[in-house]
Amino acid sequence: MTNKTHLIVALVFDDYETLDLHGPIEMLGHAPNTKILIVSEKEMAKSSQGTMLYCNSQIENTIPCQLFMTVGGLGTRTEVNNPKVINWIKSQTAVSEKVFSVCTGSALLAKAGVLDGVSATTNKLAYQWVTSLNPQVLWQAKARWVNDARFLTSSGVSAGIDASLAYIAETFGYDEAKRIETITEYHWNDDANNDPYACLTNN
């Protein structure tokens, strides 16, 4: 393993879901030589739970990185109709080695067209809405997360934590993922096919 910085760029917006961001960031932030940048359209973003987050930079330019992450939350219902955000996502995806969405963050990727022909999943309670945005995506109704080449998409909210540990295992090794699971005292569901909330897709 080299000492090269492993850069993660995370997109947020008003009404993002707090755990969608901070759960995975907790796990990813423990990985070796990792640096995390929070980007948004504005300098500050307010989560659905009311917490305010200072963002490192705005979405004026793309940032080449190892992992580009976009989160979900009620704000995705607005942002799918925001051309500036959607166009930036297209450009940012092109300069990112891996793209990771949590929850309804996959709606933004789908609207940007970057998931066309890609197997992906999303929040099961919002499944009907998200999947209606782009039928070219190979949506998976039962999956805690889906890892398809450059794209990693997770189910709802806490599933992003499981998917982030899967990414760590893929990138830094399984032992590193287990180390982080232990130090955070988190019980990792490491089986992508173990999706206890798949039954919610028909609601």
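This is a predicted model: local features need pLDDT of at least 70, side-chain atom pairs count only at pLDDT 80 or more; totals for chains, interfaces and linings use all residues.

Which residues in H1 are buried? They are Thr18, Asp20, Leu21, Gly23, Pro24, Ile25, Met27 and Leu28. Helix H1 spans residues 18-28, and with eight of its 11 residues buried this helix is mostly covered.

Seven strands make up an open sheet, and their order is S5-S2-S1-S6-S7-S11-S10. The pairing within this sheet is mixed. At the edges of our sheet stand strand S5, residues 57-58, and strand S10. Each of these two has a single partner strand, so one side of each is left without a neighbour in the sheet.

How do S10 and S11 pair? Strand S10, residues 145-148, and strand S11, residues 151-154, pair in the antiparallel sense over four bridges. Along this pairing, Trp145 stands opposite Ser154 in S11, and Asn147 stands opposite Leu152 in S11. The two strands form a hairpin, with two residues between them. In the turn of this hairpin, Ala149 has a positive phi of about 55°.

What is Asn147 in contact with, leaving aside its neighbours within four places in sequence? The contacts are with Lys98, Leu152 and Glu170. By contrast, consider Asn147 and Lys42: they are 105 residues apart in sequence, and their C-alpha atoms are 30 Å apart in space.

Next, the helices. Helix H4, residues 105-112, lies across strand S6 (65-70) and strand S7 (96-101). The helix H4 runs at about 125° to S7. H4 also meets helix H3, residues 83-94: the axes of the two helices come within 9 Å and cross at roughly 80°. H3 and H4 are therefore roughly perpendicular to each other. On the H3 side the contact is made by Ile86, Ile89 and Lys90, and on the H4 side by Leu108, Leu109, Lys111 and Ala112. The residues of this contact divide into five nonpolar, no polar and two charged.

A second pair of helices is H6, residues 159-172, and H7, residues 174-183. They pack at an angle of about 140°, with their axes 6 Å apart. That angle makes H6 oblique to H7. Which residues meet here? From H6 come Leu165, Ile168, Ala169 and Phe172, and from H7 come Tyr174, Glu176, Ala177, Ile180 and Glu181. In the contact of H6 with H7, seven residues are nonpolar, none is polar and two are charged.

In the segment after H7 we find Glu185. Glu185 has a positive phi of about 50°, although it is not a glycine. Is Glu185 buried or exposed? Glu185 counts as exposed, because its relative accessibility is 77%.

Finally, the cysteines. How many disulfides does a search of the whole structure find? The search finds zero.

With 4% relative accessibility, Cys103 counts as buried, since the cut-off for buried is under 20%. Where is the place of Cys103? Cys103 is in the loop between S7 and H4. Its phi is near 60°, a positive value in a residue other than glycine.

With that I conclude, and I thank you for your attention.

Key
Residues are numbered from 1 along each chain as its sequence is written. Side-chain values use heavy atoms; hydrogens and water are left out. Axes are lines fitted to C-alpha atoms, for helices over the stretch in contact, and angles run from 0 to 180 degrees between N-to-C directions. Angles under 35 degrees count as roughly parallel, over 145 as roughly antiparallel, 65 to 115 as roughly perpendicular and the rest as oblique. Contact means heavy atoms within 4.5 Å. Ala, Val, Leu, Ile, Met, Phe, Trp, Tyr, Cys and Pro count as nonpolar, Asp, Glu, Lys and Arg as charged, and the others, Gly among them, as polar. A disulfide is a pair of cysteine sulfur atoms within 2.5 Å. Buried means under 20% relative accessible area, exposed over 50%, partly exposed in between (1.4 Å probe, protein chains only). Two strands pair if DSSP finds at least two bridges between them.
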